[in-house]
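Here's a quick briefing to read with the structure open beside you. Take a look, then work through the points below.

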Amino acid sequence: MSCSADAVKDKLLWNVKKEVKQIMEEAVTRKFVHEDSSHIIALCGVVEACLLHMLKRRAAGFLRTDKVAALFTKVGKTCAIAGDVCKKVQELQQQVESRKNQPNGQEPLKRQGSTTSKTPVLTPQAIKHIWVRTALIEKVLDKIVQYIVDNCSKYYEKEALLADPVCGPILASLLVGPCALEYTKLKTADHYWTDPSADELVQRHRIHGAHGRQDSPSKRPALGIRKRHSSGSTSEDRFAASAREYVESLHQNSRTHLLYGKNNVLVQPKDDLEAIPGYLSLHQSADSLTLKWTPNQLMNGTLGDSELEKSVYWDYALIVPLSQIVCIHCHQQQSRWTLVLVSQDGTQRPPLHFPQGGHLLAFLSCLENGLLPRGQLEPPLWSQQGKGKVFPKLRKRNSNKSVDLEEMPAEDTSTDYVFRIIYPGHKHDNNTSEMIEMQGFGANLLSWQLEHCSQGSSCISCSMGSSPYDIPSCCTCIHDRTPLKMLCESMKRQIISRAFYGWLAHCRHLSTVRTHLSALVNHSIVPPDRPACAAAGLTKELWSKYQKDRKNYKELELLRRVYYGGVQHEIRKEVWPFLLGHYKFGMAKKEMDQVDADIALRYQKVMAEWKACEVIVKQREKESHSATLAKFSSGSSIDSHVQRLIHRDSTISNDVFISVDETDPAEQDPKGQEEPALTAPPAAAEFDSPDSGLPSSRNYSVASGVLSSIDDGQGGSFEDGPEEEGEGGSTGQRAQPGLLQPQDSVPEEQPGSQLGSQDYLVDVASVCAASYTIELLDTVALNLHRIDKDVQRCDRNYWYFTAENLEKLRNVMCSYVWEHLEVGYVQGMCDLLAPLMVILDNDQLAYSCFSHLMKRMSQNFPNGGAMDTHFANMRSLIQILDSELFELMHQNGDYTHFYFCYRWFLLDFKRELLYEDVFTVWEVIWAAKHISSEHFVLFIALALVEVYREIIRDNNMDFTDIIKFFNEMAEHHDAAEILRIARDLVYKVQTLIENK
């Protein structure tokens, strides 16, 4: 029962921590928090759940349904701060009730500028949590909760969360941060469209992607449009700042003039949909003319809450700059007019169907007036006395006679008109008149007259002429084709020129690819379907065949199957040692057993060495602690050495990725302290890193032979193993700092024993203390402290990590760090070791595989230089493979440094994926070294960005947004899809390099 009660408390506190984190992130991102933010409502909900946990019935009130109100009222009788909140809430409730009871349309008249009588508008969610929300807005919620915790016996049962001596104060402390924030009622431009969660962004993208059109003239207002520090803003962003701004822009305002407006104009967005009525408006600003059509559902507020509906109707809305339109086609069908806009590139916008009446003519009249003085319609509308603007009267010619349209029967009357939008001041609009003048016809002929004449058959007067240039004054036909030939020749030259320069740019692009990306991939392409399909991966049956007949199965074929399909989970324990280099493919069983025996010997030896040093560290910490207590008890001054120990103990931290090679302890920014698991006193002092991690700075030759007493009787030194080749100089120098060479006089012990009793190790420590320098002991103490902290919190929710397995993980990590004290332990190493422990379930095998893995991964940590190389390569990859996204990143604060990928590369995406997916991704990375690319992690990172590129682009994300997005998306990625895209990207680069 107690376990379930504790689980409930932990869950409640975890929910509060989550919501506090969200609201603090919003405050940092936007520099303020809006009172109507969803994060405030969510925080109030989880705080109320904590306040109601096991609340006494007497405190909750017998007849009151609102238990929170009853609690605040009762607390307000003895707490002045809570009493003020009660008065504030009562005033708000009265104002809300008076607003409800007031008849519609009978709002009391207020003096202009009066604000005292303004009734606040609260959402239903805000009214539901009005008590906690008001206390939070007034910045006193933490004080009220602290008061309740201090007097919990009056209000809560003994098992309640707020009555808990640990959980209660933690809850009050968590609320200090939100109560220190500034909350605003200001309605910002992006208030309704900002700060969605990553899941919401992905869901909106799925909905939007199903209905989006590439040629849509406008897009739905982006979620993060108004970036205060963003340098990349486009015209579409200005058009679609927010839903409120968009609707307000449809009316007359100070920036634009409304030239025309008509409702119930029909638009058919798709062929399989019916026409949708909407509001058509024509707007004129200082330098542009814009046509807008908005569905009625977005105008009259009848839109449902469904995101699907919102996405669909926003996609259907039209925003057309008239500067992009060259032709207007008007068609009459059964007394209804249809208008089609044609862009400069020839694309047609969705037809606009006007209601019956003269609405189209009124629209064209307003459009013609709006184009003046820079533009005009061609042909222009005619003015008729008593009627105003009318359609122009055109002549239709045939081979026999010229007939005026007014004299033709009604059934032959033309119902189609084509108008061009021209700007006489522009050069391209004068081409037609220039060609006419060149042929001697003068500039008084309008191009639309020429067009109509040329479209008809040859007229009688033209056919009677003896010369093409002997044309009567009444004829406007042009028979000379020289201008058309000139135009065709010019177009031909332009096409050839563009093709040449396109080919030249492609060649230069390939040269750049070969220069910058050739080292990132293997030049030989290994296909997934030859000699057989590898999509199924390395199965148990195939692995059994390989073990029976190792010579007939080549290493490359097995790696190809792993690369394209992964490894079946049942055989991962057997396959991973081959992939990591512990075994070599083709080894016989006897050779593998010998490798295992060598590793076991080496592992036991290293364990003995660092455990002996650990005993000395613990003993030294005891002495330091005793000396500190003695100084305090005697009242004498504390010497500088003890002061340094106390300072280090109080400031040491492992909450960030740091290196033990740091020389100045003051540069470390500690955040807290946890007691090392191996330290007996509760306040033992810790030690900082040394000035130098080199073996030459330590004393290795003192009291030789002492260490051999704890070396399990095994001769030979561990540095002779294959792992240490090339890592050091002579045997005496490569021996671990302060360690002594083993002697022949070694007491016999069982290999599986715990290296003797604790008393024996203490006795040994007293003898060999002189063999370790203070610098070495400081370094070991610091690394042990960091390891103990990280081991205890390493994947604590995963089933495998019981206390026994955590101890194994600690032993493996300490053994590796002992061999690499020049690097030391850095946060994140436990994350790399944990999956190996889960799969291999053998500390000696995991130690060997982890050592092989760290040959590559250690370069990603602060002491290595691989991370900067990864960032530079990512920049080159995305610049070549997705230049559009690269430009977006460059514009929005320039985060092409790719620092948001740091954790990805450091841990091989271990914290980005589910545990089961981590296994698959890791083995593909290991196999990719031999199949496609030694830098396959770059392509996985690029695939992660490409999967969400539309979300990044549509929401105009800056550096802060993208970090927040990927942090929230951790463990929600589709690993199979990401690996597929990564393989495709590798293949794309390989084909570019080969110029296929």
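This is a predicted model: local features need pLDDT of at least 70, side-chain atom pairs count only at pLDDT 80 or more; totals for chains, interfaces and linings use all residues.

The largest nonpolar core has 142 residues, and F900, F936 and F965 touch the most other members.

**The cores**
- Apart from that core lies another one, made of 57 residues, with L12, V33, Y147 and L174 among them.
- What does F965 touch, not counting residues up to four places away in sequence? The list is A198, L201, V202, Y948, I951 and M957.
- As a bit of background, nonpolar side chains in soluble globular proteins tend to be buried together.

**A look at L559**
- You'll find L559 in helix α23, which covers residues 555-565.
- Is L559 buried or exposed? L559 counts as buried because its relative accessibility is 3%, and the cut-off for buried is under 20%.
- Leaving aside neighbours within four places in sequence, L559 is in contact with L579, F585, A927, H930 and I931.
- L538 sits 21 residues from L559 along the chain, and their C-alpha atoms are separated by 8.4 Å.

- The chain has a mean pLDDT of 74, with 68% of its residues reaching 70 or more.
- Residues 397-414 have pLDDT below 50, and this stretch has 18 contacts in the model beyond near neighbours in sequence.
- Residues 645-758 also have pLDDT below 50, and here the model shows 231 contacts beyond near neighbours in sequence.

Note on methods
Residues are numbered from 1 along each chain as its sequence is written. Side-chain values use heavy atoms; hydrogens and water are left out. Helices (H or I, at least four residues) and strands (E, at least two) are DSSP runs, numbered from the N terminus. Buried means under 20% relative accessible area, exposed over 50%, partly exposed in between (1.4 Å probe, protein chains only). Contact means heavy atoms within 4.5 Å. A nonpolar core is a set of buried Ala, Val, Leu, Ile, Met, Phe, Trp, Tyr and Cys residues joined through side-chain atoms within 4.5 Å. pLDDT is the predictor's confidence in each residue, from 0 to 100.
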